[in-house]
Amino acid sequence: DEIASLDEQSGRIVWSRVNALMDMGVKPIYKFTTKSGKTIRTTGNHPYLVKTTASVAKPRLGVFIDGANLYYSAKQAGWKVDMRRFKEFLSQSFDVRVFNYYHSEPVPGDPAYERTTNFLNLMRRIALVKTKPLKYVGGEKKGNMDVELALDVVRHLGELDEVLVASGDGDFFELWNYVFKEKGKSIRFAA
């Protein structure tokens, strides 16, 4: 009988005659198939070198930003958030598949209308901006986008490995339960 083995000095496969067998006791047998279809059965004490050029894929990330919540949190902390740099930072470690920004728009005539419209137009260069009109109730402005954000997370979950929700809103606890506990995916909140 002959065996093929690697000549470590030349890096070539050489054939050698089997001179003797050594009883090593009973060992588990591992079976694997090479790219060419050849099946190899071996024990764990035989090293196999594998040449690979495949790179490790970055995790697929979906980012869902509650614009109003982020704006007021940053304002309270005295911060300004550069969304372009934030997206670039995330792209270093993740394959950012979804980058959505949710914001309610004031109606024409509202003092914040022009400033908000200009800001959202700039955001459209960076993110998919999803809006709905603000509601004016009893002199107060209401513009909750939580349902739209949560539904988009669920809609995109099949194409993502991880989810990042930029919102400090406690209403997303059930979304966390669904994504993490029921679907087994990673979900993080940044506020």
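Modeller: One term before we start: a residue is called buried when its relative accessible area is under 20%. Also, keep in mind that this is a predicted model.
Colleague: Okay, then which residues of helix 5 are buried?
Modeller: In helix 5, residues 173-182, they are Leu175, Asn177 and Val179.
Colleague: And what covers the buried residues of helix 5?
Modeller: The cover includes helix 4 (146-156), strand 10 and strand 11 (186-190).
Colleague: Switching topic: how many residues does the largest nonpolar core have?
Modeller: That core has 17 residues, and Val63, Ile65, Met83, Phe99 and Tyr101 have the most contacts inside it. At least two of its residues come from each of strand 5 (60-66), helix 2 (83-93), strand 6 (95-105), helix 3 (113-123) and strand 10 (162-166). There is also a second, separate core of 14 residues, with Val163, Phe172, Leu175 and Val179 among them.
Colleague: Back to Tyr101, what does tyrosine 101 touch?
Modeller: Leaving out residues up to four places away in sequence, its contacts include Ile65, Met83, Phe119, Leu120 and Lys130.
Colleague: Last one: where is threonine 117?
Modeller: Threonine 117 sits in helix 3. Its side chain reaches the backbone oxygen of tyrosine 113 at 2.8 Å.

How values were computed
Residues numbered from 1 in each chain as written. Predicted model: local features only at pLDDT ≥ 70, side-chain atom pairs only at ≥ 80, totals over all residues. Heavy atoms only, no water. Core = buried A, V, L, I, M, F, W, Y, C linked by side-chain atoms within 4.5 Å. Buried < 20%, exposed > 50% of the residue type's maximum accessible area, 1.4 Å probe, protein only. Helix = DSSP H or I, 4+ residues; strand = E, 2+ residues; numbered from the N terminus. Contact = heavy atoms within 4.5 Å. Polar contact = N/O pair within 3.5 Å; in protein donor to acceptor, adjacent residues only side chain to side chain.
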